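Dear colleague,

I am handing over the structure below, and my notes on it follow directly after. Please read them with the model open beside you.

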Amino acid sequence: MSKLWYVLRVQSGREEKIMENLRKRIVSAGLDSQFGEMVIPVEKIQEIKGGRKRERERKVYPGYIYLEVETKVTDDPDDKYQMGGEAYFIVKETPGVGDFVGDRNKPVPMSSNDVQKILKAAAPIVAGEEPAVAIDLKKGDPIKIKDGPFENFEGVVDEVIPAKGLVRVTVTIFGRATPLELEYWQVGKVT
């Protein structure tokens, strides 16, 4: 027997509470040896609201919990993965839990590649590493420059580069279309 990762559908917005309740139920049933880690992947993002820059956490996959459960791997092609019945029912009977992702009656474990992606997304941000930037702009959006030498100029978004926190825009200066590369906080949508 080995512990394999499964995806569990839960009520969106209540992931932490459901995971806490599930952990309590597992411990009270004495099944903690059959379970490993439980993860809700989150990422830190920066956004600007009301002219203020703030940092917050956002769930990468809202409505899902990832958990490790002891599973027996067999040679039977129709029933290759067999999760312990007690483990399956304690999870299924937890309030707020929908179902396992996969076959309705037989949960299907995640591939090792998918597990690595999820664990990487769930890993805490390394000290000094900048959080991802949530830029609420897309190509073709009309913008107004809020800061810098081109303040109050209006233009159109050509490209958004979230990894660098940059926005490429085209503004008209002296009757000519001029491309500019600006920080995301220097521009705002024209409404």
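Ile143 has Gly155 as its bridge partner in β10, and the two strands concerned, β9 (residues 142–145) and β10 (residues 154–161), run antiparallel and are joined by 3 bridges. Strands here are DSSP runs of E with at least two residues, helices are runs of H or I with at least four, and both are numbered from the N terminus; two strands count as paired if DSSP finds at least two bridges between them.

Before going further, please note that this is a predicted model, in which local features need pLDDT of at least 70 and side-chain atom pairs count only at pLDDT 80 or more, while totals for chains, interfaces and linings use all residues. Residues are numbered from 1 along each chain as its sequence is written, and side-chain values use heavy atoms, with hydrogens and water left out.

Strand β9 also pairs with β13 (residues 187–189), again in the antiparallel sense and over 3 bridges, and in that pairing Ile143 stands opposite Lys189. The covered face of β9 holds Ile143 and Ile145, whereas Pro142 and Lys144 lie on the uncovered one. In a regular strand the side chains alternate between the two faces of the sheet.

Another group of pairings involves β5 (residues 64–73), which is joined to β1 (residues 2–10) in the antiparallel sense over 8 bridges, with Glu68 of β5 as the bridge partner of Trp5. Strand β2 (residues 35–39) pairs with β5 as well, antiparallel and over 3 bridges, and there Phe35 stands opposite Val69. Strand β6 (residues 81–83) is likewise an antiparallel partner of β5, over 3 bridges, where Thr71 has Met83 as its bridge partner.

Turning to the helix, α1 (residues 15–29) has 15 residues and spans 21 Å from its first C-alpha to its last, close to the 21 Å expected at 1.5 Å a residue, the expected span being 1.5 Å times one less than the number of residues. Glu15, Ile18, Met19, Leu22 and Ile26 of α1 are buried (under 20% relative accessible area, with exposed meaning over 50% and partly exposed in between, for a 1.4 Å probe and protein chains only). Just after α1, Gly30 takes a positive phi of about 75 degrees.
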